Amino acid sequence: MVEGPGCKLKGERLARLKGQHVVQTQWGRNRPKDASKGSGVEQEDTTSEKSDHLVGLPLSNVETLGKELFVYFGETCLRVHFGMNGSVQIKGQKNKGFQKTSEPVLTLTLTVDSVSFHDCTVQIRSTSNCHDKYVQFQHLDICSSHFSLSQATRTVSCHGDRMLCDVLLDQTVLPGVGNIIKNEVGILVFSHPHLPQGKTGCVRVPQL
């Protein structure tokens, strides 16, 4: 699973392309057939016709929230989740461990560079919805410069009856935490993952 740190690094690479305009969009055969079907009201249409609206628009901003990548083009946003082995390729440069046989889910031809997304979920959403979510949870994102220890401590403490492992992996509690981080944290603070969070003690919550 691509956890928060990996997503953050991918976002930093894409941020260097800000200002370039979209020349062409091309979906791969393994793109979601209907990403509008799913849980929650956040799901929006991701048809090829809608992606064509990106043509001519500049890449205006890039934000990451936990395991989510938001790539903004004016009022339209690409929401990317990398799943287990997702990657971003810029031009011909390949990431470590990239599989040559992996067909892009989506390829964006920009003014200078070309960007392709592999082995991930790509959805088209509104910029306002994605940015609002970013603002709402940025203080809980372990990889964000806006991370607030006091706010994260209060949020974790509200889940006293849940197992510690479930609290740590809840992306509405600590966006970006995955199994690797969860396991290392449990060892460092000497807490069993199945222990109810409320029994970890008020001193250990900030340590978590």
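I take helices (H or I, at least four residues) and strands (E, at least two) as DSSP runs, numbered from the N terminus. On that count, I get seven helices and eight strands in the protein.

Ground rules: this is a predicted model, with pLDDT of at least 70 needed for local features and 80 or more for side-chain atom pairs, while totals for chains, interfaces and linings use all residues. Residues are numbered from 1 along each chain as its sequence is written, and side-chain values use heavy atoms, leaving out hydrogens and water.

Burial next. I count a residue as buried under 20% relative accessible area, exposed over 50% and partly exposed in between (1.4 Å probe, protein chains only). Buried residues come to 47% of the 208 in the protein.

Then I looked up the nonpolar cores (sets of buried Ala, Val, Leu, Ile, Met, Phe, Trp, Tyr and Cys joined through side-chain atoms within 4.5 Å). The largest has 26 residues, and Leu14, Leu69, Leu78, Phe117 and Val122 touch the most other members. Helix 1 (4–15) is one of the elements supplying at least two residues of this core, as are strand 7 (114–118) and strand 8 (121–126). Strand 6 gives the most, with four residues.

I checked Phe117 for contacts (heavy atoms within 4.5 Å). Beyond its neighbours within four places in sequence, Phe117 contacts residues including Leu14, Leu69, Leu78, Pro104 and Val122. Another core, of 19 residues, lies apart and has Phe70, Tyr134, Phe137 and Ala152 among them.

Last stop: Asp119, in the loop between strand 7 and strand 8. Its phi is near 50°, positive in a residue other than glycine. Most residues other than glycine have a negative phi. Asp119 is partly exposed, at 39% relative accessible area.
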